[in-house]
Amino acid sequence: MFTDELKKQADPIIEAIYNDDFIQGIIRGDINKDAIRHYLKADHLYLNEFAKIYSLLIAKLNDREGINFLLGQIDFVLNGEIAAHQTMADYVGEDYDVIIKDGEWYPSSDHYIKHMYYNAFRYDDASFTICAMAPCPYVYQQLALKIAARHELTGNPLKPWVDFYTVNMDELMNHLDRWVNNFAEQATEYERDILRRNFLESCVHERRFFNMAARQEEWIFHAENSTINSGN
Ligand SMILES: Cc1ncc(CO)c(N)n1
């Protein structure tokens, strides 16, 4: 199936994310607490926007069962993933609401969110947006499964974060795969290339998001004689 191809092409990017500082710090259970604070500030806003993009997606679907399912996903993203964030706040040792109160769209999270919005407004068919959104659950599920398969995390304070993503993504992935594969069957090669790029670019956005937090990336507007740091 078309989405199986996408996942095969995404694996090298996911392996690169696995070997980057953020996930390695999670595996060791000693990740810099400022990196977690930065991640939570950005991810709280990211999930709020992800929920809103689901509502744009719902307007594109005619699949009543699928629309009902996405209503549940909006609730999951807004209220369910908070459990994963709470594990991280506990690790930092600060109140979650205090950590996220001055969150902002740092360069890499801003770019990722706008990649999804662009597709939602540019294309009528939901599949283009879905391919930009699908790496969100898919990359996290694959990272969690790889970590759990390769490491014994007992005693690691961030184990509940890994456990959360090993189990909660299957039904969502099944819906996303169904919609995209149905569309891809009758899509032109040109359209399939756009679907493929949307998916792989969002896998790269996932990598940049973790590195953004590891580096505590900021917008730099005040620097003299230098271009605005785009967080690279
Ligand atoms: C940036 C990002 N990608 C994926 C997930 C998983 O939902 C998340 N919480 N944040």
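A: **The ligand site**

Three helices, α3 (33-58), α9 (135-150) and α12 (189-215), each put at least two residues into the shell around the ligand. (Helices are DSSP runs of H or I with at least four residues, strands are runs of E with at least two, and both are numbered from the N terminus.) Bear in mind that this is a predicted model, where local features need pLDDT of at least 70, side-chain atom pairs count only at pLDDT 80 or more, and totals for chains, interfaces and linings use all residues. Residues are numbered from 1 along each chain as its sequence is written, and side-chain values use heavy atoms, with hydrogens and water left out.

So who's in the shell? Y39, D43, Y46, L47, E81, C136, Y140, Y165, E206 and F209 are the residues around the ligand, with a heavy atom within 4 Å of the molecule as the criterion. The top contributor is α3, with 4 residues. By class, the shell comes out as 7 nonpolar, no polar and 3 charged. (Ala, Val, Leu, Ile, Met, Phe, Trp, Tyr, Cys and Pro count as nonpolar, Asp, Glu, Lys and Arg as charged, and the others, Gly among them, as polar.)

Now the polar contacts, meaning pairs of N or O atoms within 3.5 Å (within protein, one must be able to donate a hydrogen and the other to accept it, and residues adjacent in sequence count only if both atoms are side-chain atoms). E81 has a polar side-chain atom 2.8 Å from a ligand oxygen. On the nitrogen side, a side-chain N or O atom of E206 is 2.8 Å from a nitrogen atom of the ligand, and a polar side-chain atom of Y140 lies 3.4 Å from a ligand nitrogen. The protein buries 99% of the 290 Å² that the ligand exposes when taken alone, going by Shrake-Rupley accessible areas with a 1.4 Å probe.

As for the space, the ligand sits in the largest cavity, which requires more than half of its atoms to lie within 2 Å of the cavity's grid points. A cavity is a set of points, on a 1 Å grid over the protein atoms alone, where a 1.4 Å probe fits but cannot get out; lining residues have an atom within 4 Å of a point. This cavity holds about 80 Å³ of space, the volume being what is filled by probe spheres set on the points, which are joined across faces, edges and corners. It has 13 lining residues, and Y39, D43, Y46, C136 and Y140 are the closest to its centre. The elements giving two or more residues to this lining are α3, α9 and α12, and α3 gives the most, with 4 residues. The lining has 10 nonpolar, no polar and 3 charged residues.

How values were computed
1 Å grid on protein atoms, 1.4 Å probe; cavity = no way out; pocket = protein on both sides within 12 Å on 5 of 7 lines; lining within 4 Å.
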